[in-house]
Amino acid sequence: MTIAETSRKYGLSPDTLRYYERIGLIPPVPRTKSGIRDYDEESCNWIELMKCMRAAGVQIEALVQYVALVRQGDETLEARRELLARQRDQLAARMADMQRSLDRLDEKLNYHDRLLAERREPRS
């Protein structure tokens, strides 16, 4: 798949895809004989993973480190798992913070709903 096709498929600009490859966020993409990037299934899987992780707020540095570890081979399995576990813990903490914020917002909405309902009730 060309960079233009990949760009459309994942909603990332060609510049972003090249940047991801340049900084090591995704492994080097295979190229045709003429040097044009040819995104294969594995490349697309990496893009999907990185989009998911970035959407979750995982820092680029951690993801670059993860890709580097993968490229070093199976002897880095433990280090990769530890890196992913740390990222998961950080994500779970952020989600808990967001849940507390959502709960507080729900309380405020309920409070305002009660006040509005009281205003609407006819007084006798």
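Residues are numbered from 1 along each chain as its sequence is written, and side-chain values use heavy atoms, with hydrogens and water left out. Because the model is predicted, local features need pLDDT of at least 70 and side-chain atom pairs count only at pLDDT 80 or more, while totals for chains, interfaces and linings use all residues.

Helix H1 covers residues 3–10 and helix H2 residues 14–23 (helices being DSSP runs of H or I, at least four residues, numbered from the N terminus). The two pack at an angle of about 100 degrees, with axes 9 Å apart; axes are lines fitted to C-alpha atoms over the stretch in contact, and angles run from 0 to 180 degrees between N-to-C directions. H1 is therefore roughly perpendicular to H2 (65 to 115 degrees). Ile3, Thr6 and Ser7 of H1 meet Pro14, Leu17 and Arg18 of H2, contact meaning heavy atoms within 4.5 Å.

Turning to H3, residues 41–55, its end C-alpha atoms lie 21 Å apart, in agreement with the 21 Å that its 15 residues should span at 1.5 Å a residue (1.5 Å times one less than the number of residues). Ser43, Cys44, Trp46, Ile47 and Met50 of H3 are buried (under 20% relative accessible area, with exposed over 50%, for a 1.4 Å probe and protein chains only). Viewed down the axis of H3, the buried residues fall within an arc of 155 degrees, so they line one face of the helix; the arc is that of the directions from the helix axis to the C-beta atoms. Their cover includes H1, H2 and helix H4 (60–72), whereas Glu41, Glu42 and Ala55, on the other side of H3, are exposed.

How values were computed
Parallel < 35°, antiparallel > 145°, perpendicular 65-115°, else oblique.
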